[in-house]
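Please look through the sequence and the model shown below before reading on. The paragraphs that follow lead from charged pairs to a sheet, and then to a helix.

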Amino acid sequence: MFESLLREDHCDCIGILGNSIVISSLVQLLKDSKRDVEDINLIAGVLVDGNGRSSSDFEIPIYEQVEDMLAAHPEITMVFELSGDCSRVSKLRRTLPTSITLVELPAARFFLKLHATDRLWIACKVDLMQTQALFKCVVDQLPEDILIIGSNGMIMDCNKHFSDLVGEDVKDIRCKNPLVYYESLATVCPIKDGVVDVEAMTPGKREEFLLSEADAEGKMHFFRVYVYPISDEQTGNVVQIVVMRRNITNRTLMEQRLRQSERMATVGELAAYVAHEIRNPLVAMGGFAKVLMKNKSIDLDGHQKVEIIFEEANRLDKLLKSILNFVRSQDIEIVGFDVNKEVEGSLKLLSHECEKKFVKIELELDPRNPVGQGVPEQVKQCLINLVMNAMEAMDGGGIIKVSSGVTGGRVWLKVHDDGPGIPTEMRGRVFDPFYSTKINGNGLGLPMVKKIMEDFGGDIELVSREGEGTSVSLLLPAAMAVA
């Protein structure tokens, strides 16, 4: 502020009248000011206390009289009278040329106070900017989406992660309704006139909920959303809300795998019991039913009932075998094999079934004949299972695309159908044992495929969008090329 006043009046040459302490202090002050204001020049001074100090003790020339100072330095355009002597002030008013401005002690004190206040404000501003920059740097680098909702229910600010996610600049996101981005906020926040009623939030009560979304490719992602009300320290009323959304997809998938492992252990115990207690009488029932079917003394109605018993016994036997195969540990030999060859062999087995259900198979196989690691027969079993599922999903026929390729060190086989897709609420359970949406399904098809793939270091990936079909990919470790 002080330097600005000097600059505006073009007072770049100054003379001082004052005692030794005042002159030394002002010399140092204006010396510090030169770091920011280079056109202020402190020229000379007049020592009024006569304490016998040598002129060499000061960083400017010192004179005994004002006239001597002005004569030696005609470039001086402003004189600071800092002694407070009224007679000297009166004399200076009479004798100073009109081209030289006289600044008396009260005015000088005022200017110096403004200067000190200005420098303090600048220091506070710099500290605040540094704190703000640090806070913004930390918040912007957090991998969570962060929104700040103001008292009017509109977005006040957000971090860079959220801005990048929605593809909008921060300035464009401000003042928008947060429900545009998070409709589910309405489940934990009071709503009034279509916006979040911030003042109605309970102070200090944190809310949270789970959220699942499908991305543009149809892959499922899981999030946990936290809602923090911010209260005014004086009134205690909620004035802002901080919303943070954290991606917990990896953790959720790990938890699902853990739950599936626990189910597998339970299924294993159940399968051992079923094999011991049920299979023998079941085989006996099927055998006797087969004998009765050949008995000509039984009428037609009786034959039909016996046939039903025989078919149901066979169906239960197949289910039992599926369960045992699902939980049984097997010693497998992992080898490298041409995945395209296995695709062609599998589709030959299914050609008749495809014709019967009016399904057309389109192949998009990698011409480089990628080589994956695994058990060829088991991979063929998985592929047949996926194609059969795709055919069942397309009631009335359609197109199934089977493709292969290599991405990121993995060989993949993809089966895509143009059926109705899988509803969002069902996608998280399709690999759970015994979960099925089919009338006669046993819920072991996809879990079996997943287990087979994981047994030799592979994986399975499902992508589905309602109304646009489903894609299931088998991900195999790529075999090293050997001469």
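In what kind of contact do the side chains of Asp169 and Lys171 meet? They meet in a salt bridge, with N and O 3.2 Å apart, where a salt bridge is a side-chain nitrogen of Lys or Arg within 4 Å of a carboxyl oxygen of Asp or Glu. The model is a predicted one, in which local features need pLDDT of at least 70 and side-chain atom pairs count only at pLDDT 80 or more, while totals for chains, interfaces and linings use all residues. Residues are numbered from 1 along each chain as its sequence is written, and side-chain values use heavy atoms, with hydrogens and water left out.

Lys171, at 56% relative accessibility, counts as exposed, whereas Asp169, at 43%, counts as partly exposed.

The structure holds 19 salt bridges, and another of them is formed by the side chains of Asp157 and Arg174, at 3.4 Å from N to O. Asp157 belongs to strand 7 (residues 155–158) and Arg174 to the loop between helix 7 (170–173) and strand 8 (191–192), so this pair ties together parts that are 17 residues apart in sequence. Helices (H or I, at least four residues) and strands (E, at least two) are DSSP runs, numbered from the N terminus. Both partners are partly exposed, Asp157 at 28% relative accessibility and Arg174 at 37%.

A further salt bridge links Glu353 with Lys357, whose closest N and O atoms are 3.7 Å apart; Lys357 is partly exposed, at 30% relative accessibility.

Five strands form an open sheet in the order 3-2-1-4-5, with parallel pairing, two strands being counted as paired if DSSP finds at least two bridges between them. Strand 3 (62–63) and strand 5 (101–103) stand at the edges with a single partner strand each, so one side of each is left without a neighbour in the sheet. Strand 1 (residues 13–18) and strand 2 (residues 41–47) run parallel and are joined by six bridges, and Ile16 has Gly45 in strand 2 as its bridge partner.

Ser20 is placed in helix 2 (residues 20–33), and because its relative accessibility is 4%, Ser20 counts as buried. Leaving aside residues up to four places away in sequence, Ser20 touches Leu47, Asp49, Asn51, Arg53 and Phe58, contact meaning heavy atoms within 4.5 Å. Of these, Asn51 is 31 residues from Ser20 in sequence, yet the two C-alpha atoms are 7.8 Å apart in space.

The last element is helix 11. Its 18 residues (339–356) should span 26 Å at 1.5 Å a residue, and the end C-alpha atoms are 26 Å apart, which agrees; the expected span is 1.5 Å times one less than the number of residues. At the N-terminal end, Asp338 caps helix 11 with a side-chain oxygen 3.0 Å from the backbone nitrogen of Asn340. The buried residues of helix 11 include Val343, Leu347, Leu350 and Cys354. After the helix comes Phe358, whose phi is positive, near 55 degrees.

Terms used
Buried means under 20% relative accessible area, exposed over 50%, partly exposed in between (1.4 Å probe, protein chains only). A polar contact is a pair of N or O atoms within 3.5 Å; within protein, one must be able to donate a hydrogen and the other to accept it, and residues adjacent in sequence count only if both atoms are side-chain atoms.
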